[in-house]
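Take a first walk through this fold with me.

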Amino acid sequence: MSENKGTSLNFIEQIIEEDLSSGKHAGRIHTRFPPEPNGYLHIGHVKAICINFETAKKYGGKTNLRFDDTNPTSEKTEYVDAIQNDIKWLGFDWNEDKALYASNYFAQLYEFAIKLIKDGNAYVDDSTVEEIAEMKGTPTEAGKNSPYRERSVEENLDLFTRMKNGEFEDGARVLRAKVNMESPNMHMRDPVIYRIKKATHHRTGDDWCIYPMYDFAHGQSDSIENITHSLCSLEFRHHRPLYDWFIEKLEIFPSRQIEFARMNVEYMVTSKRKLLKLVNDGVVTGWDDPRMATVSGLRRKGYPAEALRTFCDKAGVAKRENLIEFSLLESCVRDVLNRTAHRAMVVMDPVKLTITNYPKDQVEIMIADNGYDNPEAGQREVPFSGHLLIEKSDFMEDAPRKFFRLSPGRDVRLKNGYIVHCEGCVKDEEGNVTEVLASYYPNSKSGQDESGIKAKGTLHWVSEAHAISAELRNYNQLFTDPTPTSHEDKDYTEFINPNSLEVIKTAKLEPSLKDAIIGQQYQFMRTAYYTTDIESSSEHLIFNRTVTLKDSWGKKQNK
């Protein structure tokens with residue numbers, strides 16, 4: 001029995017509590033996460049991973065990682081490796097750290113099919129794909145029996161054996177479960193459970209030329225592994241009667257399928273087919289493009305694993321489909337990065353700031369904290385000189401009263417440096433400001449301020465002589481519509497955001513960033529959180545914008 005009595009339970013946990021109370025499965029809880037290795041994991045999978053692994057952990061149980069690899073034409077070892085890497089990165093370990101595969105059970109699944117045939121519960125059908133679809137009918141019209149439905153057990157066994165031996169071409173015959181062609185549930189109308197597919201499998205090679213359909217392989221694999229609770233997303237609810245039918249007819253371990261609402265997030269597409277189209281059409285650079293809803297894309301963008309787990313927890317476990325606000329996801333990311341990201345000063349659009357009374361050629365080393373209110377993050381050295389770079393937007397020659405940045409006659413503090421007094425600016429022939437002039441108060445140094453001056457604004461800066469260059473990639477939403485796949489009259493690609501990526505090549509950075517390692521997360525002060533990209537190098541630094549300091553996107557959409 002668990003120790004969670006009295007706490008708030010979601011509906012899955014309530015079922016498990018009841019099973020534990022009744023002594024079902026002798027108090028054992030065993031879940032599984034069964035991805036198909038035909039693409040990369042996305043944020044929808046993250047929810048399924050969290051639910052399966054966290055639920056089992058809560059009740060002292062186990063979770064299997066099982067690849068449902070039943071379609072050799074779309075599966076790759078590349079996807080298997082990427083999926084395992086993503087799950088590990090998210091912070092989860094599967095049972096005995098040993099990945100399982102439906103292909104491990106091909107022989108057993110074949111024997112299950114033989115039993116169905118012998119018991120009169122399956123038959124070989126020579127109909128074409130189109131004929132089978134037509135015979136299935138519609139949700140409002142009953143289906144029609146196949147002319148091959150009443151074949152004898154002996155003939156079915158003979159044909160199925162010959163299918164396995166490779167005597168027939170792809171599509172020539174299939175094996176169908178003999179359920180009920182008049183069922184209101186379309187999945188129960190004699191579903192195909194085996195098809196001929198003469199393709200090389202990524203694990204079994206050419207050992208097999210018939211492969212089980214997902215509905216047949218996945219439920220029986222659960223049973224073979226003695227999975228107690230098969231937790232899956234809501235789109236499989238109509239598959240559950242078939243799941244239970246196979247268990248009953250095969251007289252095997254009764255795993256229980258339970259469905260939860262899938263993760264639908266604003267501005268995100270989670271169909272692997274649609275994601276693959278974005279990759280193949282060159283809309284994005286790959287599965288790990290930071291604009292993608294894939295785990296690898298979110299990781300490259302700089303989203304911490306902790307933030308994704310927290311997001312799934314806050315989204316909750318529901319029975320009904322809902323749409324989660326993107327702002328909640330970004331809020332979870334900010335909460336983590338505010339604690340963990342190192343601070344740094346980066347000027348995106350620089351203009352020169354000359355401190356007219358600062359000693360010529362003098363350079364001071366300022367000590368700056370890496371973290372906010374976090375001594376464990378350590379400190380760094382930042383060079384300060386009489387020639388600095390600041391943001392162009394931080395100077396205004398004729399500023400309104402509440403402009404708390406640089407303007408003639410006003411004082412501001414330079415972060416970790418001194419308070420300066422703006423004296424004016426230098427312009428080119430076209431009237432553009434090319435240099436801002438200021439004087440500093442020598443007794444106003446940060447941490448040693450004795451000036452008594454109360455500057456209302458604080459600016460970030462970099463020393464001109466010590467600044468390094470970098471490329472900044474500012475990512476926005478890939479889609480302009482919060483539900484791009486919900487429109488019947490428009491394709492989701494019509495909502496591609498033409499401004500989903502802005503590349504900044506003018507940025508100047510403090511020199512401490514020259515050794516930024518791939519994946520390191522920073523808060524570029526007063527700007528946004530950034531992460532060192534996988535393509536970054538010491539010769540060409542690249543940083544991806546992870547999330548703005550505030551929800552600027554949400555504000556834009558609500559205008």
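At what angle do helix H4 and helix H7 pack? The model is a predicted one, and in it the angle is about 110°. H4 covers residues 106-118 and H7 covers residues 214-224. Their axes lie 11 Å apart. Angles of 65 to 115 degrees count as roughly perpendicular, so H4 is roughly perpendicular to H7.

Look next at the residues that meet there. H4 brings Gln 108, Leu 109, Phe 112, Ala 113 and Leu 116. H7 answers with Phe 216, Ala 217, Gln 220 and Ile 224. By class, this contact of H4 with H7 has 7 nonpolar residues, 2 polar ones and no charged ones. 

Stay on H4 for a moment. Lys 115 also sits in this helix. Lys 115 counts as partly exposed because its relative accessible area is 25%. Setting aside neighbours within four places in sequence, Lys 115 is in contact with Lys 249, Leu 250 and Glu 251. Leu 100 is 15 residues from Lys 115 along the chain, and their C-alpha atoms are separated by 24 Å.

Now follow H7 to another partner. Helix H8 spans residues 240-250. The axes of H7 and H8 come within 10 Å and cross at roughly 60°. That angle makes H7 oblique to H8. The crossing of H7 past H8 is right-handed. On the H7 side, the contact is made by Asp 215, Phe 216, His 218, Gly 219, Gln 220 and Asp 222. On the H8 side are Leu 242, Tyr 243, Phe 246, Ile 247 and Leu 250. The contact of H7 with H8 counts 6 nonpolar, 3 polar and 2 charged residues.

Asn 226 counts as partly exposed because its relative accessibility is 35%.

Past E8 comes another loop, the one between E8 and H8, and Leu 234 lies in it. Leu 234 is buried, since its relative accessible area is 10%. Which residues does Leu 234 touch, not counting those up to four places away in sequence? They are Glu 259, Phe 260, Ala 261, Arg 262, Lys 319, Arg 320 and Glu 321. Met 263 is 29 residues from Leu 234 in sequence, and 9.9 Å away in space, C-alpha to C-alpha.

Several of its residues are buried, among them Tyr 79, Ile 83, Ile 87 and Leu 90. An α-helix has 3.6 residues a turn, so residues three or four places apart point the same way. The buried residues of H3 pack against strands E1 (30-33), E2 (62-67) and E3 (100-101). They also pack against helices H2 (43-58), H10 (295-301) and H11 (305-315). Gly 91 follows H3, with a positive phi near 105°.

His 25 has a positive phi too, of about 60°, although it is not a glycine. His 25 sits in the loop between helix H1 (11-22) and E1. Is His 25 buried or exposed? His 25 is buried, because its relative accessible area is 16%.

Two stops remain. Pro 139 is in the loop between helix H5 (129-135) and helix H6 (153-164). Pro 139 counts as exposed, since its relative accessibility is 65%. Leaving aside neighbours within four places in sequence, Pro 139 is in contact with Met 186 and Arg 189.

Thr 546 is in strand E29, residues 542-548. Thr 546 is buried, because its relative accessible area is 2%. Thr 546 and Leu 337 are 209 residues apart in sequence, and 9.6 Å apart in space, C-alpha to C-alpha. Beyond residues up to four places away in sequence, Thr 546 touches partners including Leu 337, Lys 301, Tyr 303 and Tyr 530.

Notes:
Residues are numbered from 1 along each chain as its sequence is written. This is a predicted model: local features need pLDDT of at least 70, side-chain atom pairs count only at pLDDT 80 or more; totals for chains, interfaces and linings use all residues. Side-chain values use heavy atoms; hydrogens and water are left out. Axes are lines fitted to C-alpha atoms, for helices over the stretch in contact, and angles run from 0 to 180 degrees between N-to-C directions. Helices (H or I, at least four residues) and strands (E, at least two) are DSSP runs, numbered from the N terminus. Angles under 35 degrees count as roughly parallel, over 145 as roughly antiparallel, 65 to 115 as roughly perpendicular and the rest as oblique. Contact means heavy atoms within 4.5 Å. Ala, Val, Leu, Ile, Met, Phe, Trp, Tyr, Cys and Pro count as nonpolar, Asp, Glu, Lys and Arg as charged, and the others, Gly among them, as polar. Buried means under 20% relative accessible area, exposed over 50%, partly exposed in between (1.4 Å probe, protein chains only). A crossing is left-handed if the near helix is turned anticlockwise from the far one by less than a right angle, and right-handed if clockwise.
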